[in-house]
Amino acid sequence: MKLYKRKEEDTAPVGQADPYMIQADDGRYYLYATGPDGASLFSSDSLLDGWEYEGECLDMTGQKSCWAPSVIYMEGKYYMYYSSLDEDAESEHQQTLRVAVSDSPRGPFQMVQKLAAPFSIDPHVVINDSGIYHFYCRNVLDAERVGTYIFCDRMTDPLTMEGNPVCVVKPTLDEEIYMKDRFRKGEDWHTVEGAFYFHMGQTHFLMFSGANYTNPTYFIGYCVAHGPEDADLRTLDWKKYPDEHTYAPLLCNTDFIEGMGHNSVIFDSGECYIVYHGRDLRDVGTAGDARSARIDKMSINGDVLEVSLTR
């Protein structure tokens, strides 16, 4: 179901793509999303209703085109990871991973560091017993299926990547084609992106989106690995569910919503919820990006995830 129900008189942006949700130390829920002018912020005292638009929460001085903000809390600070372009950049392929810091989940977040060279997007930073890990995407050109792959690197602190990334998810399906003949005839471009990690004991899950959100095959899928709770996440044997060559989306187009992808997960009151973007079919063709943040219950049974999809 939709998290934020926009009215015509609202000043909130039309779309809320790439939604990332946290519950902050003040007990309030915060949702960060790709916005037209930076990182859009929504908040509520209740997980499933009462969401309010709070505006843009990232200082975009010297930058443009912010994508996929995600936030963690560590040692009294909130760290926002995202990608953006320098304001004089001429191509989206100059998207660069960055980190911004704030004392409050509301921001304003101030950019303090670039983290990786272009093209690098879709950051997701997690903390486990063995350290801080950063999942992100970059392009791979010397592969059978060229395109955007998901990598994982360890961080030495919240502002510094170790510099030893490992590919953890790669395209293996025709349904993950972003665009046919994108840069040269006969070479299709593939995309897996939007990583989100969590674990249940020694069962580790790595969720991702495949293809282009305007394609009919666009979907949310996931990988599974087994290992100690304090494992180095780069060393786990990640396998797509149910296998590397079966298109079995957790979420994909239905008769009332399309373009479901780029999710986060939150646990609340003993329940698991998936937060993701999607477009109501009645909104297709409207001006701007009509993707809305949505939330539904997700069940976890061994290696199997299932979503109870609602309108």
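**An all-strand chain, from overall size to single contacts**

With 311 residues, a compact globule would have a radius of gyration near 19 Å; this chain has 18 Å, which agrees. That radius is taken over C-alpha atoms, and the globule rule is 2.2 Å times the number of residues to the power 0.38. The model is predicted: local features need pLDDT of at least 70, side-chain atom pairs count only at pLDDT 80 or more, and totals for chains, interfaces and linings use all residues. Residues are numbered from 1 along each chain as its sequence is written, and side-chain values use heavy atoms, with hydrogens and water left out.

Start with the whole chain. Its C-alpha atoms fill a box of roughly 45 × 45 × 45 Å along the principal axes. The chain has 22 strands and zero helices. Both kinds of element are DSSP runs numbered from the N terminus: helices are H or I with at least four residues, strands are E with at least two. Of the 311 residues, 55% are buried. Buried means under 20% relative accessible area, exposed means over 50%, and partly exposed lies in between, with a 1.4 Å probe and protein chains only. Contacts have heavy atoms within 4.5 Å. Among contacts with a separation of 6 or more, 49% come from residues 24 or more positions apart.

Next, the sheet of β1 to β4. These four strands form an open sheet in the order β1-β2-β3-β4, with antiparallel pairing. Strands β1 (17–23) and β4 (52–56) stand at the edges with a single partner strand each, so one side of each is left without a neighbour in the sheet. From one strand to the next, the twist averages 25 degrees. Axes here are lines fitted to C-alpha atoms, for helices over the stretch in contact, and angles run from 0 to 180 degrees between N-to-C directions. Pairing requires at least two DSSP bridges between two strands. Between β1 and β2 (residues 29–35) there are five bridges, and the two run antiparallel. There, A17 stands opposite T34 of β2.

Move on to β7, residues 96–102. How many of its seven residues are buried? The count is seven of seven. In a regular strand the side chains alternate between the two faces of the sheet. On β7, one side carries T96, R98, A100 and S102, the other L97, V99 and V101, and all are buried. Strand β6 (residues 77–86) is joined to β7 by seven bridges in an antiparallel arrangement. Y79 stands opposite V101 in β7. Strand β8 (residues 110–114) also pairs with β7 in the antiparallel sense, over four bridges. K114 in β8 is the bridge partner of R98.

Strand β6 holds two serines worth a look. S84 lies in β6 and counts as buried because its relative accessibility is 0%. Its side chain makes polar contacts with the side chains of Q63 (2.8 Å) and R98 (2.6 Å). A polar contact is a pair of N or O atoms within 3.5 Å; within protein, one must be able to donate a hydrogen and the other to accept it, and residues adjacent in sequence count only if both atoms are side-chain atoms. Beyond four places in sequence, S84 is in contact with residues including M60, K64, C66 and Q94. S83 is also in β6 and is buried, at 0% relative accessible area. A polar contact of 2.7 Å joins its side chain to that of Q95. Leaving aside neighbours within four places, the contacts of S83 include W67, L97, S120 and I121.

A nonpolar core is a set of buried Ala, Val, Leu, Ile, Met, Phe, Trp, Tyr and Cys residues joined through side-chain atoms within 4.5 Å. The largest has 36 residues, and M80, M207 and M298 have the most contacts inside it. A second, separate core of 22 residues includes I121, C223, L233 and L236.

Further along, V224 sits in strand β17 (residues 219–226). V224 counts as buried at 8% relative accessibility. V224 and Y241 are 17 residues apart in sequence and 6.6 Å apart in space, C-alpha to C-alpha. Not counting residues up to four places away, V224 touches, among others, T203, F205, W238 and D303.

Six bridges pair β20 (residues 271–280) with β21 (residues 292–301) in the antiparallel sense. I274 stands opposite D296 in β21.
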